Amino acid sequence: MAEQDLHAALRLLREEVGNLVKTVPGPVSSVSVRLGDCSLEVSWAGAVPAAPAVQAEWEETPQEAADPALAVVTAPLVGTFYVAPEPGAAPFVRAGDRVEAGQTIGIVEAMKLMNPVAAEQSGEVVEVLAGNAEPVEYGQDLVRIRVDG
């Protein structure tokens with residue numbers, strides 16, 4: 001492998017590992033990466049919380065799964081969810097509000113970075129599922145929207 005190709009591969013690998021560490025649950029104590037034979041090891045400082053107990057809260061009920069007009073906005077990464085742009089400000093959305101595709105419905109803070117979360121479809125907010133300043137997991141349901149049309 002040419003030295004230039006090796007540097008490019010290492011840069012890409014470093015970026016991917018950085019993205020992985022940002023999305024794994026809990027504090028990471030170590031990461032080991034090996035380029036030859038492609039190996040990756042991630043160690044957590046403590047025990048990882050059991051996913052099934054948390055996952056059960058996010059599963060759709062049969063009624064929701066049968067409603068094709070209901071869309072769910074999910075957390076794009078692990079972090080802290082905020083319903084408003086700053087403390088004391090009005091929330092981005094409330095149940096009953098109309099939203100447009102691309103409109104911000106909340107913020108997920110991860111590693112001191114504020115990541116806006118946007119609605120992918122236009123419609124009416126049915127329910128805001130995550131509370132203000134609550135920790136959220138990647139893929140967790142945040143807001144339900146009844147889609148237009």
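The structure is a predicted model, with a mean pLDDT of 79 for the protein and with 64% of its residues reaching 70 or more. Among the elements of the protein, strand S5, comprising residues 98-99, has the highest mean pLDDT, at 97, whereas helix H2, comprising residues 51-58, has the lowest, at 42. Over residues 47-64 the pLDDT stays under 50, and for this stretch the model has eight contacts beyond four places in sequence.

A search of the whole structure finds two salt bridges. One of the two is formed by the side chains of Arg98 and Asp148, with an N to O distance of 2.6 Å. Because Arg98 lies in strand S5 and Asp148 in the segment after S10, this pair ties together parts that are 50 residues apart in sequence. Arg98 counts as partly exposed, at 48% relative accessibility, and Asp148 likewise counts as partly exposed, at 39%.

The side chains of Arg144 and Glu127 also meet in a salt bridge, for which the N to O distance is 2.9 Å. Here Arg144 belongs to strand S10 and Glu127 to strand S8, which spans residues 123-128, so that the pair ties together parts that are 17 residues apart in sequence. Arg144 has a relative accessibility of 8% and therefore counts as buried, since the term applies under 20% relative accessible area.

Strand S6 (residues 104-110) and strand S7 (residues 113-118) pair in the antiparallel sense, and six bridges are found between them. Within this pairing, Gly106 has Val117 in S7 as its bridge partner. The hairpin of S6 and S7 has two residues between the strands, and Met111 takes a positive phi near 55 degrees in this hairpin.

A further local feature concerns Gln140, which is placed in the loop between strand S9 (134-136) and strand S10 (141-147). Although Gln140 is a loop residue, it is buried, with a relative accessible area of 9%. A polar atom of the Gln140 side chain lies 3.0 Å from the backbone nitrogen of Glu137.

Conventions. Residues are numbered from 1 along each chain as its sequence is written. This is a predicted model: local features need pLDDT of at least 70, side-chain atom pairs count only at pLDDT 80 or more; totals for chains, interfaces and linings use all residues. Side-chain values use heavy atoms; hydrogens and water are left out. pLDDT is the predictor's confidence in each residue, from 0 to 100. Helices (H or I, at least four residues) and strands (E, at least two) are DSSP runs, numbered from the N terminus. Contact means heavy atoms within 4.5 Å. Buried means under 20% relative accessible area, exposed over 50%, partly exposed in between (1.4 Å probe, protein chains only). A polar contact is a pair of N or O atoms within 3.5 Å; within protein, one must be able to donate a hydrogen and the other to accept it, and residues adjacent in sequence count only if both atoms are side-chain atoms. A salt bridge is a side-chain nitrogen of Lys or Arg within 4 Å of a carboxyl oxygen of Asp or Glu. Two strands pair if DSSP finds at least two bridges between them.
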